[in-house]
Amino acid sequence: MTVHSSTFYSVNTLIQYTTSIFLVLFTISNDISSAKICNASSENWQSRIGILISPIISGSMMREIEIYWNNVNIEPEDKISLYAEDSNGLRREIYTVAPNDSSGIQKTGVLAEFVPSANLSFVSKCLKYGTIWKTKGGDVKKMHCLKTYPTWMKDMKDILGPLRVKDIFLPGTHDSAAYDVNGTIISIISKFAVTQDLDILGQLIHGVRYLDIRLGHYPDNSEIWWTIHGPFYRSVPLKTVADHVKNFLDNTEEIVIMDIREFAVGFNNYSDHLALVSHLEEEFRDYYLRRDNGQGWGITLNEIWSSGKRLIIGYEDSKVVANHASVWPCVTHKWGNVKTVEDLYKYLHKIETNNRDGILRPRSAMAELTPDFKDIISNRLGDLRDMADRVNLNVTNWYSTIWQYTANIVATDFVRDTDIVRVAIKSNKNRYLYCKDKDRLI
């Protein structure tokens, strides 16, 4: 059986050795920023099987299905299979693996059929493929289908409604608009600029609720506002992003945070920012929540829902934010600027155990590796797809176990190569079940 990455097992070994001590500390001081104590015993860890869509492009191979399992009690002769379901609901097992460890991953060689976002529904649905874990005798222990989550926040309104954004686990994407849905944009720049394989509508329907949008200003073009990744890569017009966000908000009752950042091209004067803010106010005039609601980031989700405005626009310029109630201070990005999975674990562990008591602004763990110029020239770390392939399963497993009670926003590259949406949904439920307000215990 092949494994996804030797790093996954070395870091998991580290986690296993530190878990018993760490959990004791968790039950005493976990989630200090939310003034809660969580019963974070390993019995509450998420045992799961699932499907990942690999970001790797090799020849004609794109969207290869990988099946993974984590924290499961594998018994001799258990098998985990990938199945495909036809239009009549008939399931056919098309790949099977016999696991020899409680956690692992297996490439299947099967390509997932691509469903354009325009063909996706605003109702949660399975997308043909699934995993099933069976005993030697054929009894089903666990199963899961590859599915969309377009309404997961509203579906959990009773749990999430009284909470603030900083108190919940939200799935996000890094450089959300730097996408290539077909895998056809291949150049030295795109290899280190493309970060997603779903467009914005697709990301939202799959469950993402935090969008990291980098913008450039091109005054000589017919479309003057473009999404970018750095100064050398231009992706899609802001208009495309806006249409996707509005379409999603029109068809759901979800809450979306969209940060506007970077401004690496064409923002030479403050007037350029004023022009962009004016454009955002016009484009999203029926959707954005004003910051002068009396509570700022202290607002609860129920209060956001009651306002009828479910889009929060962050803006990475303090002067603009101070002078325009239409935009909010951006979510705080937590960047490790690291090059190995081990160093990413250490950095994320640091921020996830940091005392944030009294801080209302949400924070995003930017859960990806960061190459420097020498790395890009030498290709020492591979491209962004390679780096995501090394990192994403680890991030999924870390946040489904040791950090499920502390996570706020977690932003990833190639989000379908993670299971972070499912992890966030289950973690929010676990917080409701296993976390108690400190003052209630006095």
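**Pockets, cavities and selected residues**

The largest pocket has a volume of about 520 Å³. Its lining is made up of 22 residues, and those closest to the centre of the pocket are Phe192, Ala193, His229, Gly230 and Ile376. The structure described here is a predicted model. Two helices, helix 4 (188-191) and helix 11 (373-378), each give at least two residues to the lining of this largest pocket. Sorted by class, the lining of the largest pocket holds 13 nonpolar residues, four polar ones and five charged ones.

Rolling a probe the size of a water molecule over the atoms shows where empty space is left. In this structure there are two cavities of 30 Å³ or more. The largest cavity has a volume of about 200 Å³. Its lining comprises 16 residues, with Leu146, Lys147, His206, Thr418 and Asp419 lying nearest the centre. Strand 2 (48-53), strand 8 (140-147) and helix 13 (420-434) are the elements that contribute two or more residues to the lining of the largest cavity. Nine residues of that lining are nonpolar, three are polar and four are charged.

The buried residues of helix 13 are Ile420, Val421, Arg422, Val423, Ala424, Ile425, Ser427, Asn428, Asn430 and Arg431.

Which residues of helix 6 are buried? They are Leu238, Val241, Ala242, His244, Val245, Lys246, Phe248 and Leu249. As a reminder for reading such lists, an α-helix has 3.6 residues a turn, so residues three or four places apart point the same way.

Glutamate 253 is located in the loop between helix 6 and strand 13 (256-265). Its relative accessibility is 43%, so glutamate 253 counts as partly exposed. Leaving aside residues up to four places away in sequence, glutamate 253 touches Lys154, Trp305 and Arg310. From glutamate 253 to histidine 333 there are 80 residues in sequence and 26 Å in space, C-alpha to C-alpha.

Is arginine 363 buried or exposed? Because its relative accessibility is 4%, under the 20% limit, arginine 363 counts as buried. Arginine 363 is placed in strand 17 (residues 363-366). A polar atom of the side chain of arginine 363 lies 3.0 Å from the backbone oxygen of threonine 406. Not counting residues up to four places away in sequence, the residues that arginine 363 touches are Val331, Thr332, Lys334, Ile351, Glu352, Arg356, Thr406, Ala407, Asn408 and Ile409.

Aspartate 372 sits in the loop between strand 17 and helix 11. With 31% relative accessibility, aspartate 372 counts as partly exposed. The side chain of aspartate 372 makes a polar contact of 2.5 Å with the side chain of lysine 339. A polar atom of the aspartate 372 side chain also lies 3.1 Å from the backbone nitrogen of lysine 374. Aspartate 372 and glutamate 282 are separated by 90 residues in sequence and by 38 Å in space, C-alpha to C-alpha.

Backbone angles single out two further residues. Most residues other than glycine have a negative phi, and most peptide bonds are trans. Asparagine 379, in the loop between helix 11 and helix 12 (384-400), has a positive phi of about 60° although it is not a glycine. Asparagine 379 counts as partly exposed because its relative accessibility is 45%. Glutamate 77 likewise has a positive phi, near 70°, and is a residue other than glycine. Glutamate 77 lies in the loop between strand 3 (64-70) and strand 4 (79-85), and at 49% relative accessibility glutamate 77 counts as partly exposed.

Finally, aspartate 437 is found in strand 19 (residues 435-437). Its relative accessible area is 22%, so aspartate 437 is partly exposed. Aspartate 437 and serine 378 are 59 residues apart in sequence and 51 Å apart in space, C-alpha to C-alpha.

Key
Residues numbered from 1 in each chain as written. Heavy atoms only, no water. Helix = DSSP H or I, 4+ residues; strand = E, 2+ residues; numbered from the N terminus. Buried < 20%, exposed > 50% of the residue type's maximum accessible area, 1.4 Å probe, protein only. Polar contact = N/O pair within 3.5 Å; in protein donor to acceptor, adjacent residues only side chain to side chain. Contact = heavy atoms within 4.5 Å. 1 Å grid on protein atoms, 1.4 Å probe; cavity = no way out; pocket = protein on both sides within 12 Å on 5 of 7 lines; lining within 4 Å. Points joined across faces, edges and corners; volume = space filled by probe spheres on them. Nonpolar A, V, L, I, M, F, W, Y, C, P; charged D, E, K, R; others polar.
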